[in-house]
Each structure stands twice: as C-alpha cells, then as structure tokens.
Amino acid sequence: MVKRDNFASKFGVFVALAGSAVGLGNLWRFPYLIGNSGGASFIILYLAFVFLLALPIFIAEFIIGRRSQLNVFGAFDKLSNGSAWKYSGILAILCPIAILAFYNVVGGWTIDYIYKAVTFTFTTSTQEELGGLFTNSISSVFEPIFFMSLFVILTGLVVVFGVKNGIEKYSKIMMPLLVVMIVLIAIWSLSLPNSGAGVEFLLKPDFSKITTKTVIDALGQAFFSLSVGAGTIITYASYVKKGDNIVKTSSMIVLFDVFFALLAGLAIMPAVFSFGISPSEGPGLVFITLPYIFSQMPFGSVIAIIFFIILFLAAITSSISLFEVVVAYLVEEFKLSRVFSVICSIFLFIALGVLCSLSQGVWADIKWFGLCIFDFFDSLSANILMPLGGLVAALFVGWKLKRAVIVDELTSSGAVKINKALLEFLIFAIKYLAPITAIAIMIKAILS
Ligand code: PHE
C-alpha cells in the first residue's frame with residue numbers, strides 16, 4: 001500500500017484548490033468571452049451558473065475525493081461497490097489529459113511573453129506589428145514547442161515533490177503573489193483616463209445581447225473556471241483529512257475564483273476602453289491588445305512583465321492540479337514511483353502539446369471533427385468532457401451514494417454543524433437541479 005500524502009493545513013487546501021481554479025480561464029478566457037458577449041449580461045449568467053450549478057457539483061466532487069482518499073479512478077471504483085459507476089473514473093482521467101494538451105501550449109505562450117516583455121519587444125511596436133508578433137510566435141515550429149516543453153517540465157518539477165512539499169508549498173507562495181499583482185494592475189487600469197467606460201461595460205447589462213451561444217459559453221466558463229468536472233477537485237480533496245468543513249471550504253474557493261475573475265475584468269477592460277479598442281478581439285485580447293496598451297504607457301514595460309508573470313503563475317498552479325490527477329492515478333493504480341510517473345506524464349504531455357502547437361501553424365490544415373487539433377482538444381474538454389464529468393459526479397453523489405454518507409461528509413461525522421435548510425438545498429441541487437440544468441443545456445448545445 002502506497003503511503004498517501006496529505007495537505008498540512010486548511011490554508012494549504014484553500015490555496016491549492018484556489019490555485020487550480022484561478023488560471024488562464026480567469027485571465028485569458030473570461031475577459032475575451034465578456035468582450036464577445038456584451039459585458040455585464042454575460043457576467044450575470046456566468047454568476048448564476050457558478051452558484052446554482054458549479055458550486056453544488058464542486059461540493060459533490062469534494063465528497064467523492066475526501067470519502068475515498070484515492071485517485072479519481074480508485075475513488076469511483078471504491079465507492080461504486082462494483083457497479084458500472086466505476087467506469088466514470090476513466091472519464092475523469094481522460095479529461096485532464098485533454099485539457100493539458102492545449103493548456104500547456106498556452107502556458108508556453110505565457111513564458112514566451114515574459115521573455116518578450118523582459119527584452120522590451122513590445123515598446124516600439126504598433127498594434128498591427130503586435131498582432132503579427134503573436135501570430136508569428138504561435139505558428140512557428142520551434143519557439144512555441146520549446147516554451148511549451150519548458151512549461152510542462154516546470155509543472156512536473158513541482159508535482160514530483162508531492163502534495164505537501166511541492167503543491168502546497170508552492171501554492172502558498174504563488175497565490176498571494178498573484179493577488180497582490182492583479183490588484184496592482186487593476187488599480188493602474190482604473191486610474192487611466194476614460195476607464196469608467198470599461199467599468200460601465202462590466203456593470204451595465206444589455207440583455208438583448210444574450211443568445212443561445214452566450215448561455216452555453218457562460219456555462220462552459222463556469223465549469224472551466226472552477227475546474228469542475230475534470231477530476232482535479234476529487235484528487236485534491238482526497239488529500240484532505242476529515243474535519244474540514246466541505247461546504248465552507250468549497251464556497252470560499254468559488255467566491256475567491258469569482259472575485260479573481262471580476263478583478264481580472266477590472267484589470268483589463270478599463271485599459272481596453274481607455275485606449276478606444278474594441279473589447280471583442282477574441283482570444284488575442286490578452287496577447288495582442290494588452291501589449292499594445294502597455295507599449296503606450298509610462299512604465300508600461302514594467303507592467304507588461306508583471307502582467308505576464310501573473311498569467312504564468314495562474315496557469316502553472318492550474319496545470320499542476322491537472323498533472324497531479326494523472327500522476328496520482330499512475331502511482332496508485334499501477335504502483336509506479338512518483339518520479340517515474342512524473343517523467344512518463346512529461347513525455348505524454350509534451351507529445352500532445354507538440355500536436356496542438358503545430359496545429360497553430362504548419363499543421364493548421366489537419367482537421368479532427370472539422371477543428372484544428374488545438375481547438376479539438378479545447379472543445380472536447382470544455383464542451384463535452386467537463387460538463388459530462390460534472391454531471392456524472394453529481395449523479396453519482398446524488399443517486400449512488402447513500403444519503404447518510406453525504407450527510408456524514410458534509411458534517412465531517414458530526415464535527416461540523418450545518419444548517420438543515422442548507423443541507424436539504426444542497427442535496428436537492430446535487431440530485432436534481434445540477435443534473436437537469438446541465439443535461440438541458442447540453443441538449444440545447446447539440447441541437448443548435
Ligand atoms: N480552472 C482553470 C482555469 O481557470 C483551468 C482548469 C480546468 C484547471 C480544469 C483544472 C481543471 O484556468
């Protein structure tokens with residue numbers, strides 16, 4: 001029996017899970033989705049999905065992890081008592097692999113952009129030149145593969161030290177640093193002339209902009225941003241000891257993630273509006289528009305360095321959590337050593353990363369289901385595997401686990417008091433509300 005690591009403190013649990021949640025989803029995906037879908041109305045939908053759907057599923061996954069004290073595959077296997085539910089674990093292993101395939105590539109871009117910021121590449125460029133710089137960088141062969149590989153190896157280096165000495169220790173340093181830096185950038189952004197227009201965009205809803213696509217995007221973003229449905233919450237929760245208040249910890253992490261996403265909006269949108277740039281620039285918003293803004297500002301080159309370091313730190317704490325899902329599986333199910341599991345994972349992720357990276361350039365014409373390889377992994381994970389993973393977790397806890405088990409976990413065997421009405425609501429949300437809404441939206445997404 002492999003001896004299992006545990007988080008050493010409640011703060012450690014919080015920073016690690018918050019580190020998993022806060023990532024490129026908040027800083028890269030959220031701003032351009034808000035920009036594309038009309039600002040405040042998208043944010044309201046996103047918040048509704050976060051609290052009604054993603055939070056109950058987050059809690060359901062926490063229950064699975066802490067109850068089983070095992071990797072995702074082992075968790076479903078143990079708690080399913082031999083029923084077919086145990087195959088859900090396979091989904092939970094595939095999902096983080098699919099996410100990391102493209103996430104590591106974007107993680108590599110963040111290192112590339114730190115390098116560019118440090119070497120003052122942005123200071124003299126026009127917006128067109130910066131657009132060209134981004135396209136050229138990501139579509140070349142060697143450069144993005146090099147930085148992606150570096151990103152994967154750095155992630156592996158943290159994971160190899162284990163939960164307490166690797167993940168917990170580094171998250172405790174990286175997360176507070178991240179918050180301080182993003183607050184500084186938000187203050188800077190809000191102090192720019194005409195920044196009010198950006199704030200208004202974030203606060204004033206225009207419900208006429210809501211379409212089916214906006215609703216689906218908002219749901220996908222709620223899942224992606226909270227790391228719901230990808231096996232990471234189950235894995236991290238399996239290193240949490242009895243005694244922690246699951247509902248409180250989960251709610252705090254969700255609130256923190258939302259707070260951080262809104263802070264990212266406040267850091268980016270006022271600057272975009274202040275420079276009269278359209279907020280609907282798409283995925284290039286953070287990599288093209290912001291460097292342009294930085295290039296126009298006094299001290300812009302320093303701000304650019306800080307910003308891309310933030311992006312990198314946020315990305316790596318998330319990739320660490322995804323990496324750990326796979327490593328925990330290899331260590332526990334195949335009895336491999338941690339070092340060997342990390343090395344195997346590094347090879348796997350670099351290989352997948354190479355496919356995704358080349359699909360931005362020389363392999364752009366290769367299509368899987370009509371999408372380039374990068375987009376294929378992106379939509380496979382965000383639109384299919386994560387919602388499905390979340391759905392399965394909610395159904396599993398709601399319908400397979402006994403009510404007594406759920407109550408035992410939520411109250412930590414009676415050590416934690418929980419309001420009766422809240423308990424009933426949570427069970428209702430996990431059993432009915434979350435699955436029905438998720439299924440309805442998935443059907444709508446398939447039909448539209
Ligand atoms: N939540 C992370 C982000 O916002 C991405 C992620 C998804 C991490 C799923 C882990 C699991 O970038």
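Modeller: Let me begin with helix H6, whose face turned away from its buried side carries the exposed residues Glu128 and Asn136; buried means under 20% relative accessible area, exposed over 50% and partly exposed in between, with a 1.4 Å probe and protein chains only. Helices (H or I, at least four residues) and strands (E, at least two) are DSSP runs numbered from the N terminus. This is a predicted model, in which local features need pLDDT of at least 70 and side-chain atom pairs count only at pLDDT 80 or more, while totals for chains, interfaces and linings use all residues. Residues are numbered from 1 along each chain as its sequence is written, and side-chain values use heavy atoms, with hydrogens and water left out.

Biologist: Which residues of H6 are buried?

Modeller: Those are Leu130, Gly131, Phe134, Ser137 and Ile138. Seen down the axis of H6, they fall within an arc of 135° (taken from the directions from the helix axis to the C-beta atoms), so they line one face of the helix.

Biologist: And what do they pack against?

Modeller: The buried residues of H6 pack against helices H5 (88-118), H7 (142-160), H13 (285-296) and H15 (338-358), where contact means heavy atoms within 4.5 Å.

Biologist: Switching to rings, how many aromatic pairs are there?

Modeller: A search of the whole structure finds 39; rings of Phe, Tyr and Trp (its six-membered ring) pair if their centres lie within 6.5 Å, and planes under 30 degrees apart count as stacked, over 60 as edge-to-face and the rest as tilted. In one of them, tyrosine 113 and phenylalanine 287 have ring centres 5.2 Å apart and planes at 75°, so this pair is edge-to-face. Because tyrosine 113 lies in helix H5 and phenylalanine 287 in helix H13, the pair ties together parts that are 174 residues apart in sequence.

Biologist: Are those two buried or exposed?

Modeller: Tyrosine 113 and phenylalanine 287 are both buried. By contrast, phenylalanine 142 is exposed, with a relative accessible area of 63%, and phenylalanine 146 counts as partly exposed at 41% relative accessibility.

Biologist: Last topic, how many disulfides does the structure hold?

Modeller: The structure holds 0 disulfides, a disulfide being a pair of cysteine sulfur atoms within 2.5 Å. For cysteine 344, the nearest cysteine sulfur is that of cysteine 356, 20 Å away. For cysteine 356, the nearest is that of cysteine 372, 8.0 Å away. Cysteine 356 is buried, with a relative accessible area of 0%.
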